[in-house]
Amino acid sequence: MKNLTKLFLLAVLVVLASCQNETLNEGASSIVEEELSMEDQILVSDGEEDETFMLNQDLNAEMPAEALSFSMSSDLSSAPEADLEGFELSLPDVVSIQTTEKPTDLAYFALDVLNTNLAGTNLEGWCVDVDLSLGVEGPLDFDVYSSYEELPAGKFENPQNFDLVNYIMNQNYVGKASPSGGTYTFGHVQWAIWELIDDANCISCTFLTNPTGDWRSDSNNITKGQEIVDAALANGEGFVPAVGQKIAVVLIPDGKQSIIIMKDVPAKEVPCSDCEGKVTKLELEFDWHRAKKIDIVQRYENTCYGKRVYCNRNAQPGEIINISGKNHDGTFGKYIYIYINNCYYTKIKTNCYLNIGPGYFRGVFNVLSGESSHGGELCDYVQPEHCKRYWW
């Protein structure tokens with residue numbers, strides 16, 4: 001009977017090995033439900049675990065805290081790139097808008113965009129045209145433009161200053177302290193926008209206070225508005241918002257005031273690539289129906305020592321695991337080794353011999369995403385046609 005059991009397990013190993021396009025000697029483990037349900041041991045050894053290293057810590061011990069390291073480098077190459085062109089292409093030609101309040105405590109308008117991918121309620125709106133008027137009214141149709149594209153000729157006296165307006169709108173002036181005393185209000189921001197875009201500013205400026213009143217009766221209002229203008233002129237020339245900042249969307253109606261609303265700047269989609277070099281980051285899913293203790297270990301550099309990169313004493317079903325390589329170049333090396341309940345379970349090849357992107361699985365661990373040292377974001381793993389996932 002023992003021999004029959006061994007033969008059965010060996011057959012299971014062969015199926016899984018072919019499914020992952022690896023040989024038994026490369027580390028494929030069989031997944032047996034009865035063993036996974038055990039509390040203390042779950043390993044069916046693949047016969048060659050390649051564990052010719054010593055763990056720096058006992059797996060029974062807590063994972064030691066990593067020492068914080070700080071880089072003085074100013075390299076921003078890893079920061080996501082703003083996609084202003086893609087943002088412009090994503091804009092609808094026309095939207096329907098209902099203004100709901102004028103003014104508010106935070107902006108010149110509160111408004112609802114009723115349709116398209118710009119739809120939203122209680123949005124902050126700002127006027128960019130002193131010559132025409134717009135009250136609490138609508139729905140009205142507005143033509144839509146990015147503030148960084150060519151705008152209709154003759155609509156604005158100083159369209160070249162929309163970069164300065166974008167700078168202002170990303171400084172969060174409302175509520176911020178002014179060097180002349182007090183704090184900035186939405187009225188100071190609105191006055192600054194008109195000063196930069198129009199050829200003449202407001203005369204009565206009634207709607208620059210909430211409740212409405214005589215804004216010009218306080219000379220400090222002009223002072224604070226001019227402070228915002230001066231800061232934009234000094235720092236905002238050529239300003240382009242980055243990912244995490246806001247971009248002004250220009251909305252132009254027929255015969256009414258033009259306004260702007262602010263939207264988040266999107267990041268350019270980073271194209272994926274096949275695994276090149278070695279894997280540096282992995283996002284794994286623990287795809288099992290019971291909580292387990294999970295440790296993940298890598299060989300440290302080319303030494304005979306191993307280093308834990310992950311420890312969770314109570315990993316839940318569906319738990320998401322994010323790990324990064326600990327070598328000097330941020331890689332894992334040839335393998336990561338996975339232990340469950342302190343027993344060796346399986347290993348995942350991380351030297352880019354396989355394209356282990358999203359869709360790759362190893363036992364009860366699914367790869368959701370990852371990066372490699374020379375290729376960046378990993379593309380999806382294409383399973384061989386004959387590959388099936390077995391649950392025994």
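These numbered points walk through a predicted model of one protein chain.

1. Confidence. The chain averages a pLDDT of 84, and 81% of the residues score at least 70. Two stretches need care. Over residues 4-47 the pLDDT is below 50, yet this stretch has 93 contacts in the model beyond near neighbours in sequence. Over residues 68-77 the pLDDT is also below 50, and here the count of such contacts is 0.

2. Overall make-up. The protein chain holds 6 helices and 16 strands. Of its 392 residues, 44% count as buried. Now take the contacts between residues at least 6 apart in sequence. Of these, 66% join residues at least 24 apart.

3. The barrel. Which strands close into a barrel, and in what order? There are 6 of them, in the order β2-β3-β4-β7-β6-β5, and the pairing is antiparallel. On average, neighbouring strands of this sheet are turned by 50° against each other, direction ignored. As background, strands of a sheet pair through backbone hydrogen bonds, either parallel or antiparallel.

4. Where β2 meets β5. Strand β2 covers residues 94-101 and strand β5 covers residues 140-146. The two run antiparallel, and 4 bridges join them. To find the spot in the structure, look for I97, which stands opposite L140 in β5.

5. The open sheet. A sheet of 5 strands stays open, with the order β1-β10-β9-β12-β13 and mixed pairing.

6. The partner of β1 here is β10 (residues 305-315); the two run parallel and are joined by 2 bridges. M54 stands opposite Y305 in β10.

7. Helix α6, length. This helix has 17 residues, 219-235. At 1.5 Å a residue they should span 24 Å, and the end C-alpha atoms are 25 Å apart, so the two values agree.

8. Which residues of α6 are buried? They are N221, K224, G225, E227, I228, V229 and A232. An α-helix has 3.6 residues a turn, so residues three or four places apart point the same way. Check the buried positions against that rule in the structure. The cover over the buried residues of α6 includes α4 (162-169) and α5 (186-197).

9. Helix α6, start. At this end, a side-chain oxygen of D218 comes to within 3.0 Å of the backbone nitrogen of N220.

Technical notes:
Residues are numbered from 1 along each chain as its sequence is written. This is a predicted model: local features need pLDDT of at least 70, side-chain atom pairs count only at pLDDT 80 or more; totals for chains, interfaces and linings use all residues. Side-chain values use heavy atoms; hydrogens and water are left out. Two strands pair if DSSP finds at least two bridges between them. Axes are lines fitted to C-alpha atoms, for helices over the stretch in contact, and angles run from 0 to 180 degrees between N-to-C directions. The expected span of a helix is 1.5 Å times one less than its number of residues. Buried means under 20% relative accessible area, exposed over 50%, partly exposed in between (1.4 Å probe, protein chains only). Contact means heavy atoms within 4.5 Å. A polar contact is a pair of N or O atoms within 3.5 Å; within protein, one must be able to donate a hydrogen and the other to accept it, and residues adjacent in sequence count only if both atoms are side-chain atoms. pLDDT is the predictor's confidence in each residue, from 0 to 100.
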